[in-house]
Amino acid sequence: MLKNKRWDWLYIITVVVFLIFTLGPLIWAFIISVTPKTELMKAGGHFLPSQATWTNYQTLFDPTDKAHITIFNGLKNSLISSLYTLFIGVPLAVLTSYAMVRFRFRLRKVILRLLLITIVIPVFTTIIPIFAIFSNYQLLDKLFWISVIYVTAFLPLATWMLITHFNKIPKEMWEAAELDGCTEWQLFWKVILPMSRTAIITCVLILLLMSWSQFQIPMILTSSQSNKVITLVLSEFMTRDVIDYSMIAASGLLAIIPPAVIAMIFRKDLVSGLSAGSVKG
């Protein structure tokens with residue numbers, strides 16, 4: 001009994017520490033966003049503001065304000081690039097992983113090993129030749145082609161996760177579908193895909209969250225203000241002489257709402273998909 005109570009206390013302490021590290025920065029950012037600028041920069045100030053101000057949020061939601069136009073244009077560009085990434089990356093990941101599990105062909109093991117190796121190679125190591133290619137072929141400052149770079153960076157991880165999932169489907173299921181007279185396309189479309197809903201949703205969420213949070217790649221491959229994603233827009237509140245901490249905090253909280261809402265809606269699929277993909281490699 002005493003041992004069980006100790007484990008209960010350990011569990012509670014672990015949860016509290018986890019919440020502090022996850023929710024703490026968000027709470028701190030909100031406090032900064034409602035703290036007056038004069039009080040924020042005052043030496044020896046308190047953690048909580050003496051009087052909260054909603055000026056930053058009024059500015060963000062004022063259609064006539066330049067900050068509103070800039071922020072929401074960045075959100076739109078982030079959404080567009082994320083959708084491009086999903087429309088290209090998810091079908092490629094599903095088809096590639098299915099082919100790797102379903103068929104046996106020459107160089108299959110070599111391709112699998114290369115795929116695994118590319119997961120640990122960051123795309124930033126190849127950013128200079130990528131920039132040169134984009135510059136030579138006039139692809140700079142185009143959200144679609146930037147999303148193609150996202151796909152090349154994230155596709156190995158998504159594919160490997162789906163390979164793990166397809167490998168866990170019982171062989172009897174494949175054989176039963178073949179005995180029922182299913183063609184390869186019917187087997188894929190009517191049997192395997194419905195069974196892989198959770199894994200595919202997890203793949204979608206991973207690609208969405210990773211593409212939404214990108215900073216270095218769009219910073220190098222984007223030049224015009226009209227095509228800047230939200231992560232780049234947030235950095236524009238930092239100038240050589242002034243850093244608008246309160247506006248950065250308010251804009252940052254606004255920027256994380258879309259992916260946070262999507263992650264909360266599909267949280268069960270995300271957790272189950274990640275746990276299923278981590279059991280077997």
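How many helices and strands does the secondary structure of the protein come to?

## The overall picture

It comes to 14 helices and zero strands, where helices are DSSP runs of H or I with at least four residues, strands are E runs of at least two, and numbering starts from the N terminus. This is a predicted model, with local features needing pLDDT of at least 70 and side-chain atom pairs counting only at pLDDT 80 or more, while totals for chains, interfaces and linings use all residues. Residues are numbered from 1 along each chain as its sequence is written, and side-chain values use heavy atoms, leaving out hydrogens and water.

Along the principal axes, the C-alpha atoms fill a box of roughly 75 × 70 × 35 Å. Of the protein's 281 residues, 38% count as buried, meaning under 20% relative accessible area with a 1.4 Å probe and protein chains only. Take the contacts (heavy atoms within 4.5 Å) with a separation of 6 or more: 73% of them join residues 24 or more positions apart.

## How α7 packs

Start with α7 (residues 143–167) and α10 (residues 197–212), whose axes come within 10 Å and cross at roughly 160 degrees. That makes α7 roughly antiparallel to α10, the label for angles over 145 degrees. Axes here are lines fitted to C-alpha atoms, over the stretch in contact for helices, with angles running from 0 to 180 degrees between N-to-C directions. On the α7 side, the residues that meet α10 include Tyr-150, Phe-154 and Leu-162; among their partners in α10 are Ile-200, Cys-203 and Met-210. The residues of this contact split into twelve nonpolar, three polar and no charged. Nonpolar covers Ala, Val, Leu, Ile, Met, Phe, Trp, Tyr, Cys and Pro, charged covers Asp, Glu, Lys and Arg, and the others, Gly among them, are polar.

Then there's α4, whose axis comes within 7 Å of that of α7, crossing at roughly 35 degrees. The tally for the α4–α7 contact is 20 nonpolar, nine polar and no charged.

## The cores

A nonpolar core is a set of buried Ala, Val, Leu, Ile, Met, Phe, Trp, Tyr and Cys residues joined through side-chain atoms within 4.5 Å. The largest one has 40 residues, and Leu-162 and Ile-192 touch the most other members. Elements giving two or more residues to this core include α4 (66–102), α7, α9 (184–195) and α10. It's α7 that gives the most, with eleven residues.

Neighbours within four places in sequence aside, Leu-162 is in contact with Ala-93, Val-94, Ser-97, Ala-199, Ile-200 and Cys-203. There's also a second, separate core of 18 residues, including Ile-230, Phe-237, Ala-250 and Leu-254.

Note on methods: Parallel < 35°, antiparallel > 145°, perpendicular 65-115°, else oblique. Buried < 20%, exposed > 50% of the residue type's maximum accessible area, 1.4 Å probe, protein only.
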